[in-house]
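Hi,

Here is the structure I promised to pass on. Have a look at it first, and then read my notes below.

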Amino acid sequence: MSQTHHHPGLSVDQQHALLTAARRLAGEFTGTFGTETIERFLHTSYDQFAAHSTIPNYLPLLAERFARQRLHALARLEGHRDGRPIVLFMCVHNAGRSQMAMGFFRHLAGDRARAWSGGSEFATEINPAAVASMAERGIDISKEFPKPWTEEIVRAADVVVTMGCGDACPVYPGKRYLDWELDDPAGRSLEDVRPIRDEIERRVRDLLDELEVPAT
């Protein structure tokens, strides 16, 4: 691990996992970003999760996955575009509505568009009722994780969909915003979450139509 990124209390296994993650990211972004940028994004991502996580062993993996998304966003801002639209779904905890929306979007759009999600006060785990309701539609969001958003992620998105985060959602001039008024599935039963899920699917399909992205 770089001497400029020291996390006190890290186990040897966690240090090794972060080193391995840094090498993987360096390989993926060869020619786009240098080691310093990659390590900075990886370790600042680690710090963001460290304050919330109750399972320290997963921190290096979460940090790597989030750093990868942030680096893709930064690359896009620096002109590395592939023509695919990016939609960012944002809610308060990134544990229910925004995760279901991202799940539907990815399932329906395939590799023709990208979807990201984030929360203003991101939770420690995905809402189990949201996971179960999506599984009923054949979509597995159990391996997703609540996460924050960062400036580069918001700026790189073509469309930002907000769901109840109010003034906490960042606003950048010239960006397209959609505000979806949806009930929060937090604390609700599976039966009560199903109508929320179905409304999210309807809105995601409409958004894909607007973006001229064929839905599978």
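This is a predicted model: local features need pLDDT of at least 70, side-chain atom pairs count only at pLDDT 80 or more; totals for chains, interfaces and linings use all residues.

Leaving aside residues up to four places away in sequence, S98 touches F89, M90, C91, S117, G118 and M163.

While you are in that area, look at N94, which is found in the loop between β1 (86-91) and α4. The phi of N94 is near 50 degrees, a positive value in a residue other than glycine. N94 is buried too, at 0% relative accessibility. There is another positive phi at E212, about 60 degrees, and E212 is not a glycine either. E212 lies in the segment after α7. Is E212 buried or exposed? With 71% relative accessibility, which is over 50%, E212 counts as exposed.

Now the helix pairs. Two packed helices are described by the angle between their axes and the distance between the axes.

Take α4 and α5 to begin with. Their axes are 10 Å apart, and the packing angle is about 25 degrees. An angle under 35 degrees counts as roughly parallel, so that is the label for α4 and α5. The crossing of α4 past α5 is right-handed. Which residues make the contact? From α4 there are M100, G103 and F104, and they meet A130, S133 and M134 in α5. Sorted by class, this contact of α4 with α5 has four nonpolar residues, two polar ones and no charged ones.

The other pair is helix α1 (residues 12-28) with helix α2 (residues 35-50), whose axes come within 10 Å and cross at roughly 135 degrees. That angle makes α1 oblique to α2. The crossing of α1 and α2 is right-handed. On the α1 side, Q14, L18, A21, A22, L25 and A26 take part, and on the α2 side they meet I38, L42, H43 and Y46. By class, the contact of α1 with α2 comes to eight nonpolar, two polar and no charged residues.

One of those residues deserves a click of its own: L42, found in helix α2. L42 is buried, with a relative accessible area of 0%. What does L42 touch, not counting residues up to four places away in sequence? The list is L18, A21, A22, L25, A63, E64 and A67. If you want a distance to check, the C-alpha atoms of L42 and E152 are separated by 14 Å, and these two residues are 110 apart along the chain.

I picked out a few for you.

- R68 and E64: the closest N and O atoms of this salt bridge are 2.9 Å apart. R68 and E64 are four residues apart in helix α3 (residues 59-77), so about one helical turn separates them. E64 counts as buried, at 4% relative accessibility.
- R97 and D184: their side chains meet in a salt bridge, 3.6 Å from N to O. R97 lies in helix α4 (residues 97-109) and D184 in the loop between β4 (176-179) and α7 (190-210), so this pair ties together parts that are 87 residues apart in sequence. R97 is buried, with a relative accessible area of 6%, whereas D184 counts as partly exposed at 31% relative accessibility.
- R106 and E144: here the side chains meet in a salt bridge at 3.2 Å, N to O. R106 lies in helix α4 and E144 in the loop between α5 (128-135) and α6 (151-156), so the pair ties together parts 38 residues apart in sequence. R106 counts as partly exposed, at 36% relative accessibility.

Cheers

Technical notes
Residues are numbered from 1 along each chain as its sequence is written. Side-chain values use heavy atoms; hydrogens and water are left out. A salt bridge is a side-chain nitrogen of Lys or Arg within 4 Å of a carboxyl oxygen of Asp or Glu. Helices (H or I, at least four residues) and strands (E, at least two) are DSSP runs, numbered from the N terminus. Buried means under 20% relative accessible area, exposed over 50%, partly exposed in between (1.4 Å probe, protein chains only). Axes are lines fitted to C-alpha atoms, for helices over the stretch in contact, and angles run from 0 to 180 degrees between N-to-C directions. Angles under 35 degrees count as roughly parallel, over 145 as roughly antiparallel, 65 to 115 as roughly perpendicular and the rest as oblique. A crossing is left-handed if the near helix is turned anticlockwise from the far one by less than a right angle, and right-handed if clockwise. Contact means heavy atoms within 4.5 Å. Ala, Val, Leu, Ile, Met, Phe, Trp, Tyr, Cys and Pro count as nonpolar, Asp, Glu, Lys and Arg as charged, and the others, Gly among them, as polar.
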